[in-house]
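Me: I have a structure open and want to learn how to read its features. Can you take me through them?

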Amino acid sequence: MNSNFVSIQLSKKNKKPLYIQLYDELLQMIRSGYFAPGYKLPPVRKLAAYLSINTGTVVNAYKELEKNGFIFSTVGSGNYVSEQPVTAHSALSYEFDTSNIYLTDITDKDSTVGTINMSSIALNPDIVSVEELKKILIKILDRDQGRAFSYQESQGFIPLRESITTYLRKNHIKTNVNNIQIISGAQQGIDIVARTLLNHGDYVFTESPTYPGAIASFLANGAKIVDIPLEKDGIDLDILENKLKQFHPKLIYIMPVLQNPTGCSYSIEKRNMLIKLADYYNIFILEDDYISELSYRKNPLFPLKSLDRTDRIIYIKSFSKIFMPGLRLAFLNMPEGLSQKLLEAKYIADISTSGFTQRIFDLYLREGLWQKHIDDIRRIYNIQFDFARNTVQQCLPPSVKWDNPQGGLSFWLKLPEYITAAKLCQLAKFNKLLITDGSNFYPRHTDQQHVRISFATLSLQQIGTGLHILGKLLYTAKK
């Protein structure tokens with residue numbers, strides 16, 4: 001053993017398993033060029049003895065390197081650094097910045113006086129009926145007294161889980177209380193699923209573009225991302241099936257109804273084919289029902305889960321997204337075989353979700369107030385949607401391409417080649433208009449020609465003003 005490996009430092013005190021520490025150390029040496037293509041790595045037993053570790057640790061590290069294309073093995077000869085180790089596979093394994101996505105949703109409204117915020121997709125708090133909420137709070141306090149603030153079992157308040165099963169039947173999803181897990185927001189649900197299903201180096205397939213919070217969670221749990229392009233009616237199935245054969249992922253993460261950020265919804269043909277592929281390749285689908293209640297179509301769009309006959313889909317739904325985001329309440333409809341593992345991951349995350357919040361939503365569902373709230377905000381936002389759609393057609397250049405999502409709170413715009421999303425966002429901000437750079441929704445930030453504009457927090461006058469500013473900037477930039 002020469003001195004090439006003297007710099008490797010492994011620690012049992014580190015939270016990372018030793019084989020992952022060794023994997024990271026060897027990968028850094030390969031990427032830096034310290035080990036050139038064709039370099040022969042030492043035999044397993046020799047490296048294990050040199051580093052005073054088990055041979056299994058070296059075996060596992062080598063397996064990870066080989067699986068990800070950084071080394072290759074030859075029977076009877078050994079392990080060698082690949083010719084093109086950095087580009088050997090198309091999976092994503094680095095973190096990316098999400099601050100631009102969330103900043104405008106959590107910024108205090110008073111701190112942006114005079115600025116038109118077409119970046120935030122948080123519900124306008126002014127349209128929530130506070131009077132109805134007051135009545136519910138009083139009713140709960142009178143009924144439950146101090147018990148209203150007690151801990152609930154980790155899986156969730158049983159009456160709420162019963163109410164959710166009834167709610168799901170209206171969406172053609174049949175389940176029972178044992179398969180409902182209450183969670184503190186959709187983001188926690190994504191993380192719980194990632195913790196349960198993924199090991200270091202596993203592959204996850206996502207749409208491209210997609211929700212960056214999901215990507216961040218998968219990466220944090222050691223996964224590698226393979227992003228599949230979206231078409232107008234859903235994910236590109238030809239590319240998906242080709243990648244399924246190549247990578248064998250543990251999970252496919254999708255938003256089949258009013259996808260974020262594109263607003264596209266999957267066709268029935270793609271829905272059926274996607275389920276068939278998941279069954280054939282033995283893969284779980286994580287369906288994120290982002291905002292399906294705000295579909296403005298005549299015929300409702302039911303979740304993909306409503307077509308699931310083999311318990312293949314993990315369905316996640318947030319209530320707080322279109323009510324009060326700060327309340328942080330959502331649920332998972334779990335496949336029966338995963339329910340115990342997901343429950344354990346939830347308990348580790350935060351023991352249980354706020355019992356008071358759960359009681360609030362239980363009454364909202366039981367007394368029909370949730371459906372009334374949905375009907376009210378759908379009526380309000382349908383008006384804003386139609387106004388924004390018509391104004392986009394009038395104000396923006398024909399060179400800006402977009403598809404009518406027929407629902408939701410935003411539009412996904414493809415910019416002409418003469419201006420990038422980053423440049424347009426910069427110009428807009430200078431003119432007191434906030435829009436979202438679409439590159440943040442692509443795992444590799446490769447796309448520079450899309451922006452998302454939202455009308456969620458705006459009046460009709462503000463929508464009109466904002467789109468006139470945007471149109472003027474686009475026409476001026478072309479000159």
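Reply: We go through salt bridges, helix packing and backbone details in turn. This is a predicted model, in which local features need pLDDT of at least 70, side-chain atom pairs count only at pLDDT 80 or more, and totals for chains, interfaces and linings use all residues. Residues are numbered from 1 along each chain as its sequence is written, and side-chain values use heavy atoms, with hydrogens and water left out.

Me: How many salt bridges does the structure hold?

Reply: Side chains of opposite charge can pair when their charged atoms come close. A salt bridge here is a side-chain nitrogen of Lys or Arg within 4 Å of a carboxyl oxygen of Asp or Glu. The structure holds 23 salt bridges.

Me: Which residue forms a salt bridge with aspartate 144?

Reply: Arginine 143 does, with the closest N and O atoms 2.7 Å apart. Arg143 and Asp144 also belong to a salt-bridge network that includes Arg359.

Me: Where do lysine 250 and aspartate 202 lie?

Reply: Start with the element names. Helices (H or I, at least four residues) and strands (E, at least two) are DSSP runs, numbered from the N terminus. Lysine 250 and aspartate 202 form a salt bridge, with the closest N and O atoms 2.8 Å apart. Lysine 250 is in the loop between helix H9 (237–247) and strand E8 (251–254), and aspartate 202 is in the loop between helix H7 (186–197) and strand E5 (203–208), so the pair ties together parts that are 48 residues apart in sequence. Lysine 250 is partly exposed, at 34%. Aspartate 202 counts as buried, at 10%.

Me: What distance, N to O, goes with the salt bridge of lysine 232 and aspartate 403?

Reply: Their side chains meet at 3.9 Å, N to O. The pair links distant parts of the chain, 171 residues apart. Lysine 232 sits in the loop between strand E6 (224–231) and strand E7 (234–235), while aspartate 403 sits in the loop between helix H13 (369–395) and strand E12 (410–414). Lysine 232 is exposed, at 67%. Aspartate 403 is partly exposed, at 44%.

Me: At what angle do H7 and helix H11 pack?

Reply: Two packed helices are described by the angle between their axes and the distance between the axes. Axes are lines fitted to C-alpha atoms, for helices over the stretch in contact, and angles run from 0 to 180 degrees between N-to-C directions. H7 and H11 (residues 339–350) pack at about 120°, with their axes 9 Å apart. Angles under 35 degrees count as roughly parallel, over 145 as roughly antiparallel, 65 to 115 as roughly perpendicular and the rest as oblique. H7 and H11 are therefore oblique to each other.

Me: Which residues in H7 and H11 meet?

Reply: Contact means heavy atoms within 4.5 Å. Gln188, Ile192, Val193 and Thr196 in H7 meet Lys341, Leu342, Ala345, Lys346, Ala349 and Asp350 in H11. By class, that contact has five nonpolar, two polar and three charged residues. Ala, Val, Leu, Ile, Met, Phe, Trp, Tyr, Cys and Pro count as nonpolar, Asp, Glu, Lys and Arg as charged, and the others, Gly among them, as polar.

Me: How do the axes of helix H6 and helix H12 cross, and at what angle?

Reply: The axes of H6 (residues 158–169) and H12 (residues 355–366) cross at roughly 40° and come within 9 Å. That makes H6 oblique to H12. Pro159, Leu160, Glu162, Ser163, Ile164 and Tyr167 of H6 make the contact with Gln358, Phe361, Asp362, Leu365 and Arg366 of H12. By class, there are six nonpolar, two polar and three charged residues in this contact.

Me: Which residue does a cis peptide bond join to proline 209?

Reply: Serine 208, with omega about 10°. Proline 209 is in the loop between E5 and helix H8 (212–220). Another cis peptide bond joins asparagine 260 and proline 261, with omega about 15°.

Me: What is the phi of arginine 328?

Reply: Arginine 328 has a positive phi of about 50°, although it is not a glycine. Lysine 432, also not a glycine, has a positive phi of about 60°.

Key: Buried < 20%, exposed > 50% of the residue type's maximum accessible area, 1.4 Å probe, protein only.
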